[in-house]
Structures are given as C-alpha cells and as structure tokens.
Amino acid sequence: MTSERRKRFGEYLARLRLATHKSQRQLAETLCQMTGTASVTRNEISRYERGGRVPDDWLPALSVALGVSLEELERAAAYARGETLPDGALSSVETLGYLLPDHEESLGPLVSERGRRVGLSAAEGLASRAHGLRLADDVVASGDLLGPAFRELRGAVRLYRETSHSEETGRSLLTGIGELAQIAGWIASDAGQHAEAERAYLLGVSAAREAGDLSLVGNLAGSLAYQHSNTGREDEGVSLARAARDEAGTDAPGKARALYADRLAWAHTMAGDAQSAMRELGEAHEALTDGEGPVWAYWVSPEELQIMDARVYTELHKPIRAVPLLQEVLDRYDSARTRELALYLSWLVVALADANEPEEAARAARRMLDLTADFPSARTAERSRVVLAKLEDFRDVPEVRAVLDQHAA
C-alpha cells in the first residue's frame with residue numbers, strides 16, 4: 001500500500017510541475033538555485049515522480065517552486081509514507097490525485113508540431129458535437145448512442161494528437177475532448193458499461209486539467225463519483241464528489257456549483273449520511289440562484305434540483321416530503337425525455353409504497369414500465385427491478401398484483 005501511495009504522490013508532484021510549465025530538468029535547476037546547492041538532478045526529480053522516494057528534505061523548496069503550500073505538501077508526503085491522517089486532512093487536489101488512477105490515454109502538452117495546422121474552428125466543432133450528443137442523450141437510448149459517442153471521442157483525441165495548433169487552440173481542443181469524454185462516459189454508464197465509462201471520465205479529467213478548465217474537471221470527476229455511489233462504491237463516491245467540488249472551487253459558475261452539491265448530496269444519501277445530504281441539498285439551491293453556467297450545465301434547473309430533493313427524500317424514507325415534489329415536477333415534465341421520466345416515476349413508486357398508497361404506486365409503476373419496455377437503458381432496467389421488488393409487499397392489492405403478473409418476466 002505504501003508503494004502505491006508513493007506512486008500517487010509522485011503523480012501529484014508531476015501534475016504540479018506540469019502546471020508550472022517546467023521540465024524535470026528545469027525544476028531541478030530551480031531547486032538548486034533556491035537552496036544554493038547542486039545536489040538535485042533531473043534524475044532525482046524523475047525518481048520522486050515515479051514514486052521511488054518521498055523528497056522529505058526538499059518539501060519547503062518544492063512548495064515555493066511549485067506554488068503550493070508547505071502544509072499541503074507535508075500532508076501529502078505523510079500520506080505517501082503510509083501515515084494515517086484524520087478525515088479531511090487531504091486537500092481536494094491531493095484527494096483527486098489518489099482517487100483517480102492513471103489513464104492509459106492521459107493527455108499532456110503537445111510535443112509534436114507535425115501534422116496539418118488547425119485553428120479554433122476545429123475546437124468549436126468538438127464543442128458543438130459534444131453538445132449535440134448531450135441533447136441526443138435527452139431523448140435517445142444509450143444503447144443507440146454508445147457507438148457514436150465513443151467514435152466522436154476517439155476522433156477528438158486523434159485530432160489533438162495528429163495536428164499542430166497554437167497554445168490557445170490546443171487548450172480549446174482539450175476542453176472539447178473533456179466535454180466529449182463526459183457525455184461518452186455518461187452514456188456508457190447508463191448502458192451499464194461502467195469500466196468503459198470510468199476510462200472515459202479519467203481521460204476527460206486529464207484533458208480538462210491540461211486545459212485549465214477546473215469547472216469541467218469537477219463535472220467529470222463528479223460524474224464518476226455519481227457512478228461510484230450507484231454501483232456499490234459509496235465511500236469512494238463521497239470522497240470523489242467532495243474533492244471534485246473543492247477542486248472546481250468557489251469561483252465555478254452557479255449552475256456548476258449546484259450540480260456539484262447535488263452529486264455530493266446523492267453520494268451522502270447512498271452512504272447513509274442523511275444530515276450531510278440535507279445540507280448539500282440546501283447548498284445546491286443556494287448556488288443555483290447565481291443562474292449562470294457553462295453549456296454542459298444547460299439542464300441544471302430548479303425543477304431538476306426538486307427531482308434530486310425528492311430522490312434523496314425517497315432513499316431516506318421520507319415519503320411525505322418526496323411524493324408532492326415528484327408529482328409536481330412529473331406533471332409538467334417533457335414526455336420526450338423517456339429515460340428521465342421513467343427513472344423519476346420509479347422513485348415516485350417507491351415513495352408511494354412507503355407512504356402505504358399501493359394503488360397509486362401501481363398506477364405509477366405501470367406508466368414507468370410501459371415507458372421502458374422498448375428503451376434500452378441499464379439504469380431503467382435496474383430501477384424496474386427495484387420497483388417490482390418494492391411492490392411485492394402489496395401483492396394482495398388487485399392493482400398491484402395485475403402489474404406484477406404482467407411484468408413477472
């Protein structure tokens with residue numbers, strides 16, 4: 001475990017160094033100049049970044065050279081040495097560094113000027129295609145979008161790697177890759193391809209970090225945290241959702257901050273921490289009052305926050321609070337958004353069952369199951385199983401029995 005922690009610490013140092021636009025040799029020279037010695041070489045920096053050793057004696061100089069607080073570096077070094085730290089002792093950047101493993105296609109600065117020259121219009125094209133996929137995901141089943149989404153992502157990576165471009169265009173291309181990676185990961189997750197989704201999210205984090213787009217980093221890492229929370233990795237979901245929000249920072253647009261808080265609320269809910277979940281729901285509503293947000297947060301609205309409130313209340317077995325919210329939103333929800341409508345109906349079924357309203361629950365269940373009959377989505381399939389299991393307690397009610405018998409297969 002300690003060697004793995006040293007490796008993560010080394011990766012963290014490498015990211016800090018890249019953020020200062022220094023090579024390993026340049027960082028070594030800077031440290032020598034600062035300390036008046038000639039005992040640090042490029043090979044030694046490489047050894048630190050590979051996790052070969054922790055540079056304990058050089059932490060004060062590294063904190064200055066890399067623009068990070070000495071306290072943060074010392075905490076990270078203590079973690080790398082295998083020391084036990086109290087909860088909350090790691091910063092958001094450190095936490096993300098330890099929680100997000102390497103990705104085989106991580107994107108660093110472009111080192112080759114070979115290939116045709118492209119400009120900002122190419123980057124704008126990536127952003128446009130990413131948004132097109134987001135809009136399609138609102139109404140098209142994930143099974144139908146999975147192939148096109150990953151083709152777009154692979155094409156964007158090739159565009160970045162095989163062309164030459166200015167630094168500004170390069171950053172925009174990386175942002176486009178990050179946005180495509182997020183929607184591709186989301187589609188893969190909905191299709192039940194969780195490993196593929198995680199790889200896409202990690203690629204996107206690498207691209208967004210290199211582009212300096214911390215709000216997008218928060219969206220990508222938060223998306224992966226949401227997947228963890230829903231697939232039995234609840235503790236990781238909480239840690240990653242919190243780190244994603246913290247790295248994006250308080251300067252992130254209001255809609256983005258609302259989304260980060262909502263995902264953290266859900267993570268706390270799935271981890272069984274009701275008090276923290278309720279607190280984060282409040283943070284989400286407060287953040288949304290700022291109104292502004294990046295294009296990828298177009299769907300974050302008061303109605304969507306209400307839905308998350310209701311989902312949290314349902315999972316926490318507070319049906320009296322959940323049912324009115326769900327009914328109010330669903331009465332005016334766009335019927336073209338089949339998957340979301342079905343998912344939200346599934347929580348209404350559970351809440352109605354908890355409220356001892358089996359007839360109403362059966363009616364909502366029938367509507368939900370009819371919607372999903374020809375809509376391939378792993379999430380809706382799983383929620384269908386949850387709904388039917390929940391209704392089993394009321395099999396003696398004729399309306400419920402009819403639904404269960406019809407969908408027994």
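At what angle do helix 2 (residues 24–35) and helix 4 (residues 59–66) pack, and how far apart are their axes? In this predicted model, the two helices pack at an angle of about 115°, and their axes are 10 Å apart. The crossing in which helix 2 passes helix 4 is right-handed. From helix 2, the contact draws on Leu 27, Thr 30, Leu 31, Met 34 and Thr 35, which meet Ala 61, Leu 62, Val 64, Ala 65 and Leu 66 of helix 4. By class, the residues of this contact comprise 8 nonpolar, 2 polar and no charged.

A second pair is formed by helix 13 (residues 254–270) and helix 14 (residues 274–288), whose axes lie 8 Å apart at an angle of about 170°. Angles over 145 degrees count as roughly antiparallel, and helix 13 and helix 14 are therefore roughly antiparallel to each other. In helix 13, the residues that meet helix 14 are Gly 254, Lys 255, Arg 257, Ala 258, Ala 261, Asp 262, Leu 264, Ala 265, His 268 and Thr 269. Their partners in helix 14 are Ser 276, Ala 277, Glu 280, Leu 281, Glu 283, Ala 284, Ala 287 and Leu 288. The contact of helix 13 with helix 14 contains 9 nonpolar, 4 polar and 5 charged residues.

Helix 17 and helix 19 (residues 378–391) have axes that come within 10 Å and cross at roughly 20°. Angles under 35 degrees count as roughly parallel, so this description applies to helix 17 and helix 19. Helix 17 passes helix 19 in a left-handed crossing. On the side of helix 17, residues including Leu 343, Trp 347, Val 350 and Asp 354 make the contact; on the side of helix 19, Arg 379, Arg 383, Val 387 and Leu 391 are among those involved. This contact of helix 17 with helix 19 divides into 9 nonpolar, 2 polar and 6 charged residues.

The nonpolar cores were also examined. The largest nonpolar core has 102 residues, and those with the most contacts inside it are Leu 153, Leu 173, Leu 326, Leu 348 and Leu 391. Helix 17 (residues 338–354) provides the largest share of this core, 11 residues. Apart from this core lies another, of 23 residues, which includes Tyr 12, Leu 31, Leu 59 and Val 68. When residues up to four places away in sequence are not counted, Leu 348 touches Val 323, Leu 326, Gln 327, Leu 330 and Ala 364. In soluble globular proteins, nonpolar side chains tend to be buried together.

Terms used: Residues are numbered from 1 along each chain as its sequence is written. This is a predicted model: local features need pLDDT of at least 70, side-chain atom pairs count only at pLDDT 80 or more; totals for chains, interfaces and linings use all residues. Side-chain values use heavy atoms; hydrogens and water are left out. A nonpolar core is a set of buried Ala, Val, Leu, Ile, Met, Phe, Trp, Tyr and Cys residues joined through side-chain atoms within 4.5 Å. Buried means under 20% relative accessible area, exposed over 50%, partly exposed in between (1.4 Å probe, protein chains only). Helices (H or I, at least four residues) and strands (E, at least two) are DSSP runs, numbered from the N terminus. Contact means heavy atoms within 4.5 Å. Axes are lines fitted to C-alpha atoms, for helices over the stretch in contact, and angles run from 0 to 180 degrees between N-to-C directions. Angles under 35 degrees count as roughly parallel, over 145 as roughly antiparallel, 65 to 115 as roughly perpendicular and the rest as oblique. Ala, Val, Leu, Ile, Met, Phe, Trp, Tyr, Cys and Pro count as nonpolar, Asp, Glu, Lys and Arg as charged, and the others, Gly among them, as polar. A crossing is left-handed if the near helix is turned anticlockwise from the far one by less than a right angle, and right-handed if clockwise.
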